[in-house]
Structure formats: structure tokens, C-alpha cells
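Please read the following report with the sequence and the 3D structure at hand. It moves from backbone details to charged pairs and then to helix packing.

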Amino acid sequence: SQDFTYVANLFVQRNLGLVAAGALLLIAMVTGLIAWSGEAERANKAAEDADREARAAKEALAESRELTNFMASLFQLTGETTGAPERMTTEELLALGAANLDNMDAMDPLARARLRHLLGEIYSEVYLLGEAEAMFNQALETRQALLGDSHPSVAESMGRLADIYRTRMNYTAAEPLLLEAKEIAERSDPEDLTVTATLWSMLGELYRDQSRFDDAVDAFERALEIRELELSGQDERALAKSLYDLGLINQERGQHADAAVYFSQAADLYRQVLGNSQRTADTLAYLATSEEELGDLDAAESHLREAFDVRAAIASPDDSEAIRALEDLARALTRWGRYSEGIIAAQRAVALREGSGGRDNPDLIPTLLALGINQGFAERHDDAARSLQRAYDLADFWFGPEDRQTRAVRDAMGWHAWQ
């Protein structure tokens, strides 16, 4: 008997055109089915993404409402507690907020966790680390219980808790927790790139604190890559922070050309996003340091003057941070051999110090020292002697003859005697 293969071959030979047409039809059907499957898969994914985004927007709106209600109730409580909420200290206000949060039983647990996380961030900013740790721990426990161990919000709270350990220099506790948080963030679906970038940035700070500079650079560069490329620079403040971090670590390593590039870009962003702020002024001052090391003294002077202007605009020209920026300029002018200009800057700083704290203000000591040294180099020896003697008298009165500041002024007086 003839087997199936023989019969099939015979059929193909006798009906070649029909078989070819059928094959083409079959291929077209399969191709169409594959294409339809792909389109269906993409459509399903788009629908899932849209649904996920809608849920996220709804959750964000609910959290926003909870936050608004929480803040309204908090300020109502401050009035009831003190009669004058503007007189409460930051610590008192935060403690009242934490206690109020515990009593809001009707609040959604995840919204409560979000607010605890927010309070933890504020406590961290004002260096109340014990309170911050408690807030982050409570937020983490709630999020793990309700969202599971693979949610980006869990990674967020875990990372903040690890950063508290880093601040306390408990690096052995901080690093494994931070690495675990980063792993959770990276494998979450969908990945929250903002959280991931923040965790890479925290890792960079952890490594920098331990002088593991190569690891720190890698971490900071990864944070920058996410914020600049994958997030398309949407969060300009976070992007500026990555640039600032890379500028700082390159400066610490003596790589001033790279540091100047990063600081310059960070300063541009901070000017746009924050305007006159401490971070803007700090970035400008660091930029000036690297520019001085590179020999670009005009740019360094320009940025030191701008740093003073920014600090003066934040509060007033007689603010201590603004005066310190002016003292930095006076010392820089001394290093550059521009003593007459250094005298002008130092004299202005002295006048501002006296105006804000009186003539016996101990903060005048480094200012008078900078003035006296500039006067000595400018060969205004009588003026230099008076400035240095006044600095010494203040240092001796406030801190005694063996204090570091007193010895520094005494050394300067000895240097001037040899001139």
C-alpha cells in the first residue's frame, strides 16, 4: 500500500498551482494573525497603561486632598494650641503634625503613610534624625503591608531610612538597605524612574562619604543619566542636584575642568528653578573655586560676587551668610594680589558685621584678619597693625590666648612685623 508521503507528493506534483495558491493564502493568514496578535497586545498594553495612569492620577488626587485637609487641620490646631501659630518653632509644628496624624483615624492608610514619609523628609531637612527615622519606619511598614515588597513606594521609604543611617555614619546598616531599595525600584512594574534616580543619588552620597570615589562617580552618573535622558530633564531641580553632586566629587578629586562644567550647568538650572537660594549661592561659590584652580580669575571673581548678591537677596546684605561670601571674595582678592580691591571688600564686610552684631561681635575676627592681611600686602602698615590688633583683642577676649582663632591672628601679627 502507498503511504501518506507518497500520496501527498503525487498530489502536489499534479496540483502545483493550487498548492502554491493555498500556501500563499496560509502564509497570509498566519502573517495576518501574527500582526493582529501584535496589535491586540499593543492595544491591551496601552489600555493597561492608561488604566494604570488613571489609577495613579486618582490616587494622587486623593493624596492631595488628604494633604490639604491635614495642613488645614494642622494650622487650625496651632492656633488653638498657642493662639499665635506664627510663633511656633519648626520642631513644635512638626511634633504637632505628627500627633495630629496619629489621631486622624478616617484617613486612608496609604495617604497616612505618604504624609508620614513627607514629615520624615522635613524632619531630615532640619536634622531631627530620630523623629525622621520613626516617620520613615512607620511609612515603610504601612506600605509593605498594603503594597507588598516590590512596590516603588516601598523602595522610596526604605531608601530614605537608609539615608538616615548614612547621615549617622552607620554605613554598614545603610548600604545593604539602600541596595535592596534600589533593586526593588528597578524591578518594579512599572518602574518609577524618579525613585530609582533618587536611590542612585543616595548611593553616590554614601560612597562619597566613605571616600569610595569611583563608586560614587558611577552612582552619580547613573542618577544623572536617568534624570537627563530617561526622564528627559522633567525635574530640573533633581537634574541640577545630579550635576551639583558630580561637580562636588570631581572637585574633591582635583578634576577641576570637569567640576567647572558640572557646576556651571547646575548653576544655570538653579538660577532658573530656585532663583536666589542657598543652593544657587553654594554652587556659584564652588564653581568659582574650580575656576580659580583653572586660572580663570575673571570668571571666579564674577561668580564670587554673584554668590554674595544671591545671599544678600535671600535675606539682606548684613546676613551672616552674605557677609561670609564677601569675606571669601576679600580672601580671593588677596590670593590674586589685588590688595586694594581686597581692602574694599573686607572693609564692607567689617561694616556689615558691625551693623548686625556690634563692634564687639566675635564674628568680626576673621573679617578683621582678612582686612589686616590685605592692608599689610598693600603696605598700609599702620592700618594693618590696627586691624590685626583689634582682631587679636576680640579673639583673646572671647576665646582666650590658646584658641585656634587667637593663634591665627597672632601668627598674622608676627608675619606683619617682618614686613
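Is S211 buried, exposed or partly exposed? At 48% relative accessibility, S211 counts as partly exposed, where buried means under 20% relative accessible area, exposed over 50%, and partly exposed in between, with a 1.4 Å probe and protein chains only.

This is a predicted model, in which local features need pLDDT of at least 70 and side-chain atom pairs count only at pLDDT 80 or more, while totals for chains, interfaces and linings use all residues. Residues are numbered from 1 along each chain as its sequence is written, and side-chain values use heavy atoms, with hydrogens and water left out.

**Backbone details in the loops**

S211 lies in the loop between α8 and α9 (213-230), helices here being DSSP runs of H or I with at least four residues, numbered from the N terminus. The phi of S211 is near 60°, a positive value in a residue other than glycine. M169, in the loop between α6 and α7, likewise has a positive phi, near 65°, and M169 is exposed, with a relative accessible area of 61%. In the loop between α7 (171-187) and α8 (193-209) sits P190, which is joined to D189 by a cis peptide bond with omega of about 5°. As background, most residues other than glycine have a negative phi, and most peptide bonds are trans.

**Charged pairs**

Side chains of opposite charge can pair when their charged atoms come close. Across the whole structure a search finds 32 salt bridges, each defined as a side-chain nitrogen of Lys or Arg within 4 Å of a carboxyl oxygen of Asp or Glu. Some of them are set out here.

| Salt bridge | N to O distance |
|---|---|
| E156 and R114 | 3.4 Å |
| R222 and E230 | 2.9 Å |
| R353 and E327 | 3.1 Å |

The salt bridge between R353 and E327 links distant parts of the chain, with R353 in helix α15 (residues 339-357) and E327 in helix α14 (residues 320-335), 26 residues apart. Both R353 and E327 are buried.

In the pair of R222 and E230, R222 is partly exposed at a relative accessible area of 23%, and E230 is partly exposed at 37%. R114, the partner of E156, also counts as partly exposed, at 26% relative accessibility.

**Packing of α11 and α12**

Helix α11 (residues 256-273) and helix α12 (residues 278-293) pack at an angle of about 155°, with their axes 9 Å apart; axes are lines fitted to C-alpha atoms over the stretch in contact, and angles run from 0 to 180 degrees between N-to-C directions. The two helices, α11 and α12, are therefore roughly antiparallel to each other, a label for angles over 145 degrees, as against under 35 for roughly parallel, 65 to 115 for roughly perpendicular and the rest for oblique.

Residues that make the contact include F263, Y270 and R271 of α11 and T280, L284 and L287 of α12, contact meaning heavy atoms within 4.5 Å. Within helix α12 lies T280, which is buried, with a relative accessible area of 1%. Not counting residues up to four places away in sequence, T280 touches Y270, R271, L274, G275 and V310.
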